[in-house]
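Subject: Structure handover

Hi,

Here is the structure I promised you. Please open it and keep it beside this email while you read.

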Amino acid sequence: MTGTQRSSEGLDARRRKLLFRSWHRGMREMDLVLGSFADAEIGALTGDEIDQYEKLLEIPDTEFLPMITGERPVPPDIDCAVLQKILASRRTMTF
């Protein structure tokens with residue numbers, strides 16, 4: 001997989017930025033997880049979910065990846081609906 005499979009056409013500036021950031025994390029594993037999630041969901045997220053997603057993208061990859069893979073528990077202060085959607089989408093991913 002080389003990157004986004006979704007066009008940013010039709011997305012507002014905030015969602016376009018999040019789509020780009022999802023595919024350009026710095027750690028390829030996180031690019032694949034978050035980029036694939038953003039490709040599928042960015043257009044359908046509510047305003048509150050966009051806020052949640054922005055906060056999740058602020059977490060450094062070295063801290064976030066172990067939570068995504070289940071190696072480290074998710075702290076209650078970042079557990080949110082969008083994180084649960086990311087975790088659910090990861091379980092259905094095939095590489």
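To start, which residues does Phe-64 touch, not counting residues up to four places away in sequence? Find Phe-64 and look around its side chain. The list is Arg-25, Met-30, Leu-34, Leu-56, Ile-59 and Leu-83. Keep in mind that this is a predicted model.

Now the overall layout. The protein chain has 5 helices and 0 strands. Its pattern along the sequence reads α-α-α-α-α. Of its 95 residues, 41% are buried. Take the contacts between residues at least 6 apart in sequence: 59% of them join residues at least 24 apart. The accessible surface comes to about 5600 Å². Carbon and sulfur atoms account for 51% of that surface.

Next, the inside. The largest nonpolar core has 27 residues. Phe-64 is among those with the most contacts inside this core, along with Leu-34, Ile-42, Tyr-53, Leu-56, Ile-68 and Ile-86. Which elements give two or more residues to the core? They are H1 (13-23), H2 (28-41), H3 (47-57), H4 (61-69) and H5 (81-91). H2 gives the most, with 6 residues.

An α-helix has 3.6 residues a turn, so residues three or four places apart point the same way.

One last thing to find: the structure holds 1 aromatic pair. Its partners are Phe-37 and Tyr-53, with ring centres 5.5 Å apart. Stacked, edge-to-face or tilted? The planes of the two rings meet at 55°, so the pair is tilted; stacked would need under 30 degrees, and edge-to-face over 60. The pair links distant parts of the chain, since Phe-37 sits in H2 and Tyr-53 in H3, 16 residues apart. Both Phe-37 and Tyr-53 are buried.

Best wishes

Conventions: Residues numbered from 1 in each chain as written. Predicted model: local features only at pLDDT ≥ 70, side-chain atom pairs only at ≥ 80, totals over all residues. Heavy atoms only, no water. Core = buried A, V, L, I, M, F, W, Y, C linked by side-chain atoms within 4.5 Å. Buried < 20%, exposed > 50% of the residue type's maximum accessible area, 1.4 Å probe, protein only. Helix = DSSP H or I, 4+ residues; strand = E, 2+ residues; numbered from the N terminus. Contact = heavy atoms within 4.5 Å. Areas by Shrake-Rupley, 256 points an atom, 1.4 Å probe, with all protein chains shown as cover. Phe/Tyr/Trp six-rings, centres within 6.5 Å; stacked < 30°, edge-to-face > 60°.
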